[in-house]
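Please give a short report on this protein.

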Amino acid sequence: MTTSNPFPPEVVAAVLRHMNTDHADDCRVICQGLGGQPEATAATMSGMDADGMDFVATVHGEPVVVRVPFSTRLVERRQIRAEAARMYRQACAALGVTPRPDAS
């Protein structure tokens, strides 16, 4: 259970904006490979805290809330990018697809 969120609302908003603008397909892949929604056709990041990312995936035309936990509790902003990239690469591996070369 999350006891506190080290990321203020403006940081969360910036991460959401970046993920949904520049990495929308990555959000879908994460929901498919790690979020238990292999039939998702789209996904947007809807929130995050120190323990994971929240998404709304589209599955069979319907919105489905998806929570994907981080591998460890994050305490610094710089950890977010590395963890998002790790999640994307792990989701690609679970799906048997090749990640983008710049996904590091």
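## Burial and surface

Of the 104 residues in the protein, 38% are buried. Buried means under 20% relative accessible area, exposed means over 50%, and partly exposed lies in between, with a 1.4 Å probe and protein chains only. The model is predicted: local features need pLDDT of at least 70, side-chain atom pairs count only at pLDDT 80 or more, and totals for chains, interfaces and linings use all residues. Residues are numbered from 1 along each chain as its sequence is written, and side-chain values use heavy atoms, with hydrogens and water left out.

The protein exposes about 5800 Å². Carbon and sulfur atoms supply 55% of that area. Accessible areas come from the Shrake-Rupley method with a 1.4 Å probe; for residues, only the protein chains shown count as cover.

The side chains include 10 positive and 12 negative ones. The centres of these two sets lie 6 Å apart. Lys and Arg count as positive, Asp and Glu as negative; His and the chain ends are not counted. Each charge is placed at NZ of Lys, CZ of Arg, CG of Asp or CD of Glu.

## Fold and dimensions

Three helices and three strands make up the elements of the protein. From the N terminus on, they run α-α-β-β-β-α. The radius of gyration is 13 Å, close to the 13 Å that the globule rule gives for 104 residues, so the protein is as compact as a globular protein of that length. That radius is taken over C-alpha atoms, and the globule rule is 2.2 Å times the number of residues to the power 0.38. Helices (H or I, at least four residues) and strands (E, at least two) are DSSP runs, numbered from the N terminus.

The C-alpha trace spans about 35 × 30 × 25 Å along its principal axes. Among contacts with a separation of 6 or more, 44% join residues 24 or more positions apart. Contact means heavy atoms within 4.5 Å.

## The nonpolar core

The largest nonpolar core has 30 residues. Phe7, Met45, Met48, Met53, Phe55 and Ile80 have the most contacts inside it. Two or more residues come from each of helix 1 (9-22), helix 2 (24-33), strand 1 (40-49), strand 2 (52-59), strand 3 (62-69) and helix 3 (78-95). Helix 3 gives the most, with six residues. Such a core is a set of buried Ala, Val, Leu, Ile, Met, Phe, Trp, Tyr and Cys residues joined through side-chain atoms within 4.5 Å. In soluble globular proteins, nonpolar side chains tend to be buried together.

Leaving aside neighbours within four places in sequence, Phe55 contacts Cys27, Ile30, Cys31, Thr44, Met45, Ser46, Val64, Val65, Val66 and Val68.

Helix 2 is mostly covered, with seven of its 10 residues buried. These are Asp26, Cys27, Arg28, Val29, Ile30, Cys31 and Gln32. They pack against helix 1, strand 1, strand 2, strand 3 and helix 3.

Val15 lies in helix 1. Val15 is buried, at 11% relative accessible area. Not counting residues up to four places away in sequence, Val15 touches Met45, Met48 and Ile80. Val15 and Met53 are 38 residues apart along the chain, and their C-alpha atoms are separated by 10 Å.

## Two exposed residues

His60 is found in the loop between strand 2 and strand 3. Its phi is positive, about 55 degrees, although His60 is not a glycine. The residue is exposed, with a relative accessible area of 62%.

Pro69 lies in strand 3. At 52% relative accessibility, Pro69 also counts as exposed. Pro69 touches Asp51, Gly52, Arg86 and Met87, not counting residues up to four places away in sequence. The C-alpha atoms of Pro69 and Asp54 are separated by 8.6 Å, with the two residues 15 apart along the chain.

## After helix 3

Ala103 is found in the segment after helix 3. Is Ala103 buried or exposed? Ala103 is buried, with a relative accessible area of 9%. Its contacts are Tyr88 and Arg89, not counting residues up to four places away in sequence. Ala103 and Val68 are 35 residues apart in sequence and 18 Å apart in space, C-alpha to C-alpha.
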